[in-house]
Amino acid sequence: MDIPNAFVDHISFIRVLAIAGILGMTDENLAKEIGTEPSVIKMFRNFRSDILVAPWLANNIAHFYTKIAIYSLE
């Protein structure tokens, strides 16, 4: 069974990159956190629209955003 790729909207990338910037994370740290390569983070910075990514990466991005959002409420 093939698992389809998932769309991640551009605003999600902006939020993740903004949060990483506020936290002082480097591209390498952010890549490690969401389970990808630093070159992918650099690629995200260049996208100006929604993007189709692997389901696990979409899940990791959502998890990162949620984890930070919950942490900021504490």
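Leaving aside its neighbours within four places in sequence, with which residues is Asp50 in contact? In this predicted model, Asp50 is in contact with Phe7, Val8, Asp9 and His10, once neighbours within four places in sequence are set aside. This report describes the chain as a whole and then returns to Asp50 and several other residues.

## The chain as a whole

The protein chain contains four helices and two strands. Read from the N terminus, the order of these elements is β-α-α-α-β-α. The C-alpha trace spans about 40 × 25 × 20 Å along its principal axes. A compact globule of 74 residues would have a radius of gyration near 11 Å, and the protein chain, with 12 Å, agrees with this expectation.

Of the 74 residues in the protein chain, 30% are buried. The chain exposes about 5,100 Å², and carbon and sulfur atoms supply 59% of that area. When contacts between residues at least 6 apart in sequence are considered, 66% of them join residues at least 24 apart.

## Helix α1 and what follows it

Helix α1 covers residues 10–22.

After α1 comes Gly24, whose phi is positive, near 75°. Leu23 lies in the loop between α1 and α2. Leu23 has 46% relative accessibility and therefore counts as partly exposed.

Asp50 lies in the loop between α3 and β2, the latter being residues 51–53. Is Asp50 buried, partly exposed or exposed? Its relative accessibility is 45%, so Asp50 counts as partly exposed.

One of the contacts of Asp50 is His10, a residue found in helix α1. Why does His10 count as buried? Its relative accessibility is 19%, and buried means under 20%. Apart from neighbours within four places in sequence, His10 is in contact with Phe47, Arg48, Ser49 and Asp50.

Ile51 is found in strand β2. With a relative accessible area of 8%, Ile51 is buried. Not counting residues up to four places away in sequence, Ile51 touches Ala6, Phe7, Val8 and Phe13.

Thr36 lies in the loop between α2 (27–34) and α3 (38–46). Although placed in a loop, Thr36 is buried, with a relative accessible area of 16%. Its contacts, leaving aside neighbours within four places in sequence, are Ala31, Ile41 and Leu57.

Pro4 is located in the segment before β1, which covers residues 6–8. Pro4 counts as exposed, since its relative accessibility is 63% and exposed means over 50%.

## Separation in sequence and in space

| Pair | Separation in sequence | C-alpha separation |
|---|---|---|
| Pro4 and Val53 | 49 residues | 9.2 Å |
| Ile51 and Arg15 | 36 residues | 15 Å |
| Asp50 and Tyr65 | 15 residues | 17 Å |
| Leu23 and Ala54 | 31 residues | 26 Å |

Each pair may be located in the structure above. Pro4 and Val53 are 49 residues apart along the chain, and their C-alpha atoms are separated by 9.2 Å. For Asp50 and Tyr65, 15 residues apart along the chain, the separation is 17 Å.

Notes. Residues are numbered from 1 along each chain as its sequence is written. This is a predicted model: local features need pLDDT of at least 70, side-chain atom pairs count only at pLDDT 80 or more; totals for chains, interfaces and linings use all residues. Side-chain values use heavy atoms; hydrogens and water are left out. The radius of gyration is taken over C-alpha atoms; the globule rule is 2.2 Å times the number of residues to the power 0.38. Buried means under 20% relative accessible area, exposed over 50%, partly exposed in between (1.4 Å probe, protein chains only). Contact means heavy atoms within 4.5 Å. Accessible areas come from the Shrake-Rupley method with a 1.4 Å probe; for residues, only the protein chains shown count as cover. The expected span of a helix is 1.5 Å times one less than its number of residues.
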